[in-house]
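This report describes how the parts of one protein model are arranged, and it is meant to be read alongside the sequence and the coordinates. It moves from helix packing to the sheet, then to the backbone and the ligand.

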Amino acid sequence: MGSWLCEALIRLGSKVTCLDNLSSGRFENIMHLVNEENFEYIRGDVAEGVEGKYDIIFHLASRASPLEFLRYPIEIIKANAFGTYNLLELARRNDSIFFLASTSEVYGDSKVIPIPEDYRGNVNPVGERSCYDESKRLAEALCYAFHKQYGLRVMIGRIFNTYGPRMRYEGYYGRVIPRFIVQALKNEPITIFGDGNQTRSFCYVTDLIIQILKFVSKNLKFEILNLGNDEEIKIIDLAKLIIKLTNSNSKIIFLPPMPDDPRRRKPDLSKMFKLLNFKPKISLKEGLLKTISWFKNELRI
Ligand SMILES: NC(=O)c1ccc[n+]([C@@H]2O[C@H](COP(=O)([O-])OP(=O)(O)OC[C@H]3O[C@@H](n4cnc5c(N)ncnc54)[C@H](O)[C@@H]3O)[C@@H](O)[C@H]2O)c1
């Protein structure tokens, strides 16, 4: 998502510094930007401290794949706790606007569908997902504290599942859409965790970037918005759709469910629609076709 945001900001004429430790990101995703006059890349870790003076700070640095939660819980907590603190402190020193990439995971396994921003969550504080869920919740609390104590202008976007080209598909990095697409393109079995009846609502990446940019351009002091697309789909139906769109021979196989995996996830986007006057433009089918075409090229299939 960060590479798309950098690209959009550059095209809008901004000067952009991108800081990334490449733990889950790929340098290839920003390679086409490195020769741009207004683009600077710094390899660094937000948890270790950050310098500089910026008008707007977008904090997107965190591993975000459920399989990474199992393998790198401490790094995830550090990026969202220390990283958020360091960046907020930098924003306070320079009076910058701050955007936090929070997540629908702060709601946990929601009892309310669609989920509005004032739902307080059903989160297990000690479990396989808690490194991510709880550290994003702490990041939000830090944002609020900096706003209350120092008057910092903060925008929190609770992002729901977002996908598109440039996502990693391999090993621990693979999230559901890139994993299914690559399995389908290779005619390998499509692996579903659980019975496939769990739902998600997927947003194509450019629709999400537009929401972030519209959000930070509003003259707001402190605001929380659900960001994404509210087109909900069962994971089993997503697998079938990807098999159809790729003309694949893949069969579907079921693996044990992921611990604490939310059953349904669909945002209530009414606040976002009203405040940003924006509705996502790319349907799931259209976004999947764009992503499939990128993966075909990437894998030379
Ligand atoms: N894609 C989604 O569905 C989704 C949903 C909700 C929230 N988010 C949030 O949006 C942000 C971006 O997610 P993404 O989907 O692009 O994932 P991603 O893994 O592609 O991007 C995360 C980036 O952060 C970098 N990073 C991780 N830890 C870092 C650290 N300590 N210091 C510096 N860089 C670090 C990684 O190298 C990577 O480039 C994350 O904060 C994620 O939690 C994503």
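In this predicted model, helix 7, which spans residues 235-245, packs against helix 9 at an angle of about 55 degrees, and the axes of the two helices are 11 Å apart. On the side of helix 7 the contact is made by Leu241, Ile242 and Leu245, which meet Leu288, Leu289 and Ile292 of helix 9. Sorted by class, the residues of this contact comprise six nonpolar, no polar and no charged ones.

Helix 9, residues 284-299, also packs with helix 5, residues 176-185; the axes of this pair come within 10 Å and cross at roughly 60 degrees. That angle makes helix 5 oblique to helix 9, and the crossing of helix 5 and helix 9 is right-handed. Here Ile177, Ile181, Val182 and Leu185 from helix 5 meet Thr291, Ile292, Phe295, Lys296 and Leu299 from helix 9. The class division for the contact of helix 5 with helix 9 is seven nonpolar, one polar and one charged.

| Helix pair | Crossing angle | Axes | Handedness |
|---|---|---|---|
| Helix 5 and helix 9 | roughly 60 degrees | within 10 Å | right-handed |

Turning to the sheet, four strands form an open sheet in the order 3-4-5-10, and their pairing is parallel. Strand 3 (56-59) and strand 10 (222-227) stand at the edges with a single partner strand each, so one side of each is left without a neighbour in the sheet. From one strand to the next, the twist averages 15 degrees. Strand 5, residues 154-159, pairs with strand 10 in the parallel sense over six bridges, and Gly157 stands opposite Leu225 in strand 10. Helix 4, residues 130-150, packs on the sheet, where it touches strand 4, strand 5 and strand 10, and its direction makes about 155 degrees with that of strand 4. Helix 3, in turn, lies across strand 3 and strand 4 and runs at about 175 degrees to strand 3.

Two backbone features deserve a check in the coordinates. Ile113 and Pro114 are joined by a cis peptide bond, with omega about -10 degrees, and Pro114 is found in the loop between strand 4 and helix 4. Arg166, although it is not a glycine, has a positive phi of about 85 degrees, and its place is in the loop between strand 6 (162-163) and helix 5.

Finally, the ligand has 23 residues around it, of which Met1, Ser24, Gly25, Ala61 and Ile159 come nearest. Helix 3 (73-94) and strand 4 (97-103) are the elements that give two or more residues to this shell. By class, the shell around the ligand consists of ten nonpolar, ten polar and three charged residues.

Technical notes:
Residues numbered from 1 in each chain as written. Predicted model: local features only at pLDDT ≥ 70, side-chain atom pairs only at ≥ 80, totals over all residues. Near = placed C-beta within 6 Å. Nonpolar A, V, L, I, M, F, W, Y, C, P; charged D, E, K, R; others polar. Pairing = 2+ DSSP bridges. Axes fitted to C-alpha atoms, helices over the stretch in contact; angles between N-to-C directions. Contact = placed C-beta atoms within 7 Å. Parallel < 35°, antiparallel > 145°, perpendicular 65-115°, else oblique. Left-handed = near helix turned anticlockwise from the far one by under 90°.
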